[in-house]
Each structure stands twice: as structure tokens, then as C-alpha cells.
Amino acid sequence: MEIIKVGKATLTTPEQLRAYHARIRPQVLRRLDEFRATWERGDEAVFEELVFCLLAAGASALMGLKGVETIRPVLWTASAEELAQLLHFHLYPMARASYIVAVREVVQNELQGRLSDWLAQFADHLSRRDACVQKFKGIGYKEASHFLRNIGFRGGEKLSFARCDPCENRRAFGTNGQAIRGVLHIAADMNSSRFAQ
């Protein structure tokens, strides 16, 4: 997977936001197609994406990519200590290694390696996301949402992502100057979902 850079945008009006969205939309749609292809490659690719999300959490997408590339040859066999040594460059090598091993054990033992079948059984995106949070150590709602998006589950009309760190334009976009904090907010709101599409 390549990192797509769309550049920083200084947006002060809703019209500028719409124009920016129109400019980057082709890249977003291309990436969504890549995400769907991950699902089609099968359980190993889906598991690697789950590992990527564990490694990127609290770090960066580049850290996640580097981590997956580094541990791919031993992803299914290495101990947490061995993974931590390989992930020495990560901000949290031992914590992430222990999460990977715990998730791997769930996938191998509880799901018999059939991660895709387990994910496909849920009727809706929110149930699927909740199940991931409950089943996989180290996966919170943000990571579960990213993971599901990254394997082709788009979440229908009920889920959208809005980055809010820092939100310099909060007054222009109707938040009345209230400070919005946090890395990612998940908005269950039809209007932002429609805009995102």
C-alpha cells in the first residue's frame, strides 16, 4: 500500500472544504478500491491489516507499514519477545507485540484462522465494529473503524470519520469556537456521511 499525500489544506469556509473534497475525491475512491481488494485477498491479508491497525495506533500509518513489512515473515510464529525485538523502532514495541500475539491466538484458536468468515457474519457495521473491540486486545473503536474501512467495509450511511486535531477552522464550520480535542471522532450523523461520499 502506498501513502497518498494530498497536502495540507487551509480551509476557512464550507465552500473551500467542498472544493478540497472534490479535488481529492478521486484519490479517496481509488484507495477505497484498494481496501476492497484486501478483503478479496483472503484471511492472511485481512489479518495483516488488523496488525497494521494495531501498529499504527498511537503512532502513524508509516510506522504501521514499516512494522508489518518487518514482521511479515514471522507474523504467525514469533513470540511477543521476538516481535518486540523486530519492532525496536516502534514507539511501543513490547505492547504492540503482545497485542499482535493475543490477536493472533484469537484468530488461530477461536476463529480457526477464518477471520473473514467471522467478520462477515455480522448484520451491520456497528455490530461488527463492537465485536472487534470486544474480541481483539489492543483494538479500540477508532482502530476497529479503521480496520473495517481498510478491508472494504464502508459502514453504510451511519458512520463517518472527521479528523479534529487541531481544528483551526471550528468557527467557520459551525462549532461556535468550542475546542474540539482528540485524534478522531466517529460521527453517527447522516449529513457528514453523505458529504464524505
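**Helix α2 and the cysteines**

At 1.5 Å a residue, helix α2, which comprises the 14 residues 43-56, should span 20 Å, and the 20 Å between its end C-alpha atoms agrees with this expectation. The model is predicted, and the values reported here are computed from it. After α2 comes G58, a residue with a positive phi, near 70°.

Of the 14 residues of α2, 12 are buried, so the helix is largely enclosed by the rest of the structure. The buried set consists of A45, V46, F47, E48, E49, L50, V51, F52, C53, L54, L55 and A56. These buried residues pack against α1 (14-40), α3 (61-71), α5 (93-110), α6 (115-120) and α8 (141-150).

One of the buried residues of α2 is C53. With a relative accessibility of 5%, C53 counts as buried because the threshold is under 20%. C132 is buried as well, its relative accessible area being 0%.

A disulfide requires a pair of cysteine sulfur atoms within 2.5 Å, and by this rule the count is zero. C53 takes part in no disulfide; the nearest cysteine sulfur belongs to C132 and is 9.8 Å away. Likewise, C132 is in no disulfide, and the cysteine sulfur nearest to that of C132 is the one of C53, 9.8 Å away.

Notes: Residues are numbered from 1 along each chain as its sequence is written. This is a predicted model: local features need pLDDT of at least 70, side-chain atom pairs count only at pLDDT 80 or more; totals for chains, interfaces and linings use all residues. Side-chain values use heavy atoms; hydrogens and water are left out. Helices (H or I, at least four residues) and strands (E, at least two) are DSSP runs, numbered from the N terminus. The expected span of a helix is 1.5 Å times one less than its number of residues. Buried means under 20% relative accessible area, exposed over 50%, partly exposed in between (1.4 Å probe, protein chains only). Contact means heavy atoms within 4.5 Å.
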